[in-house]
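Q: I am new to reading protein structures. Could you go through one with me, feature by feature?

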Amino acid sequence: MEFKLEAHRIVSISLGKIYSARGQRGGLKLHKNLLVSLVLRSARQVYLSEPGCPPEPPPAACGPPEEPPPSPPPPPPQDEAGPRLPGAACQGPRPRRCCCGCCCCCASAGGEVNREAARPDCAAASAAAAPPPPHCPRKRSAAERGQAGSPVKKPRREAEEPPPPPPPPQGEQEDMETGNVASLISIFGSSFSGLLSKEPKGRRRPPLDGGEAAAATPAEAASEPGQICCDEPVLRTLNPWSTAIVAF
Amino acid sequence: MAPSPLPSPRGRWVPQTDHAFDPPPSLPVGGPPGDNSTVDWCLYQLNGAAEFEVSEADIISTVEFNHTGELLATGDKGGRVVIFQREPESKNEPYNQGEYNVYSTFQSHEPEFDYLKSLEIEEKINKIKWLPQQNAAHSLLSTNDKTIKLWKITERDKRPEGYNLKDEEGKLKDLSTVTSLQVPVLKPMDLMVEVTPRRIFANGHTYHVNSISVNSDCETYMSADDLRINLWHLAITDRSFNIVDIKPANMEDLTEVITASEFHPHHCNLFVYSSSKGSLRLCDMRASALCDKHSKLYEEPEDPSNRSFFSEIISSVSDVKFSHSGRYMLTRDYLTVKVWDLNMETKPVETYQVHDYLRSKLCSLYENDCIFDKFECAWNGSDSVIMTGAYNNFFRMFDRNTKRDVTLEASRESSKPRAILKPRRVCVGGKRRKDDISVDSLDFTKKILHTAWHPTENIIAIAATNNLYIFQDKVNSEMH
């Protein structure tokens, strides 16, 4: 169980690092952000694959990021009251199902997660909990996708796949977020309002030509004056995070 | 061609000249095996402001001896390069032997702004590499994140006097005052060191340059960023050849980046590059123009019992150095240094623990970003001892022959001039001896990332934040 706690903590630390990396002088450091995203991914997988994951909440829990749901997103009926420690109100062993619904990945408990199989798919559904907002066709453009340079954009691709919205993954994500809202607030702080207000500006950025342009993709990720480009993948990737963010 | 400013930017200079000693001989560092374990290191020189006066721009970011050891170059975060020159042996002032004095200081790189990407380009000097000396001038390459520059350092100690048409200040003379002709003569003058940028190799890199390496052919050099390695000719700045490209077609598939690279010291066709996954790739430029396919891959399988969230981070290689012999490679990852035999790809031939007591603290080190620190490593001249830095201003040396290791500290308090450095010990609980320091008392803001070893003698340069320590073998400094 302590693995889950630690994984949880590591995920929030990693998110904070990714967020603050965008403001760094000299541009995004590709190496460091790659390592942080690898840690983030493995911590998340450990968290999700640990026994004691909360049971599935109702499907209505998830909403598009633009519509701020009543804070926090409607929790599953069983628990979620207050800061929720992972596993605190475990309703019993969950089926060893991956968040994306496929049974193949996250097969091993807590420890050795088969990342090769898990990576594309696990990240997929977790990230795709909510459909991308309709008024941003830019996210769908292949050119854009090809330019995602920052490692944090890695799960974004999966997010663009038609999101299979099985309730279980959303539930887990939301459990994480409600338990994590306090740390999210501390991480993102007062920049939230700036984050949200700049979001449309980031989306209106015209798609650049194909990914081979000399423009560094990770640099592009941080190229907006408001450096918002990373927000989208971050938000989309961890969509339940974003609903919590939006809530605040 | 302005002369370089005289004063060192790093504050007061503390020369150690309190007693006379004979000129140090040029002892071959080799000697019988095991000789180096009895080396006593003592502080020779310390350059830098006291620590409470540190400004970020003064933090040293790279240290490099030239091929003879006569010159020592340091680069800092403010984009400046300071070159020290060793005083030559002189019978007149025996106690000044081997002292490294400031020879030249110049601003190598300035902060730039990439308007297209709205990105600031840091002026921090990432690496300096000396070119082998081919004439009276010295040359070095210095690089920041994006641009490599070739600097030529020349001395001027004579100037022509007695021009017919110009006066002493260089102003044109009134021709009516010229009544006779004279031949200008060269008169001695105070030594002036001039540094000029001879080449600027720009726009070669999209990502951040992490290493440069001059080829043994003395005509080409390579520069490596996170995803690509370029080969340049020293005389040609508008073109470079890309020899390694590990950028995936889809950046979301990115799993590994290049962390360091170096040419083989003798074979001009071979080079090695290290990755963030802990592997080394030896490439042969004769095999193909694009060396994406390695000739040899050096990789050690991970120890499953050590698996943690941070296994990948700590396996990332931060530095790779060929031995002087060219037979071995030295790599540094977060917790260990490893010696690899070029002929064996499956595992290193030697592994040394630098600070294994940190293994249980990886999560905290991740939180405070220390886990991303990139330590360098160095060989001594005979390849018998390897050295690397650690935290709390400690640095470690490992004798490959005797298998003994020592931890020393670079600090003002514990380094009296000419006093022998006392070995330090980090205790991890259990029996604690006097003067031991516990793991929890280590100062993680004091890190020794950059170290350099003189090519032939037992002289080491240690960069501790903004201070440059030069330690010398006591025997070396007192012989004769």
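Q: What share of the 480 residues in chain B is buried?
A: Buried means a relative accessible area under 20%, exposed means over 50%, and partly exposed lies in between, with a 1.4 Å probe and protein chains only. In this predicted model, buried residues account for 55% of the 480 residues in chain B. Two notes on conventions: residues are numbered from 1 along each chain as its sequence is written, and chains are lettered from A and ligands numbered from 1 in the order in which they are written. Also, since this is a predicted model, local features need pLDDT of at least 70, side-chain atom pairs count only at pLDDT 80 or more, and totals for chains, interfaces and linings use all residues, while side-chain values use heavy atoms, with hydrogens and water left out.

Q: How many helices and strands does chain B have?
A: Helices (H or I, at least four residues) and strands (E, at least two) are DSSP runs, numbered from the N terminus. Chain B has three helices and 33 strands.

Q: In chain A, where is confidence lowest and where is it highest?
A: The score to look at is pLDDT, the predictor's confidence in each residue, from 0 to 100. Where pLDDT is low, the predicted coordinates should not be read in detail. Chain A averages 50, and 21% of its residues score at least 70. Confidence in chain A is highest in helix α2 (residues 30–49), at a mean of 90, and lowest in helix α7 (residues 191–203), at 35. Over residues 55–248 of chain A, pLDDT stays under 50.

Q: Among contacts in chain B between residues at least 6 apart in sequence, what percentage joins residues at least 24 apart?
A: A contact means heavy atoms within 4.5 Å. For chain B, 57% of the contacts between residues at least 6 apart in sequence join residues at least 24 apart. Take B:Asn306, in the loop between β20 (296–298) and α1 (311–315) of chain B. Not counting residues up to four places away in sequence, B:Asn306 touches B:Ser311 and B:Arg359. B:Arg359 is 53 residues from B:Asn306 along the chain, and their C-alpha atoms are separated by 8.9 Å. B:Asn306 counts as partly exposed because its relative accessibility is 32%.

Q: Are B:Asp238 and its partner B:Arg239 buried or exposed?
A: Their side chains meet in a salt bridge of 3.6 Å, N to O. B:Asp238 counts as exposed because its relative accessibility is 61%, and B:Arg239 counts as exposed at 54%.

Q: Why does B:Cys377 count as buried, and which cysteine sulfur is nearest to its own?
A: A disulfide is a pair of cysteine sulfur atoms within 2.5 Å. The structure holds zero disulfides over all chains. For B:Cys377, the nearest cysteine sulfur is that of B:Cys283, 19 Å away. B:Cys377 counts as buried because its relative accessibility is 0%. The sulfur of B:Cys427 is too far for a bond, because the closest cysteine sulfur, in B:Cys370, is 19 Å away. B:Cys427 is buried too, with a relative accessible area of 6%.

Q: In which sense do β5(B) and β6(B) pair?
A: Two strands pair if DSSP finds at least two bridges between them. β5(B) and β6(B) pair in the antiparallel sense, over seven bridges. Across this pairing, B:Arg80 stands opposite B:Gln107 in β6(B). Six of the eight residues of strand β6 (residues 100–107) of chain B are buried, so this strand is largely enclosed by the rest of the structure.

Methods
A salt bridge is a side-chain nitrogen of Lys or Arg within 4 Å of a carboxyl oxygen of Asp or Glu.
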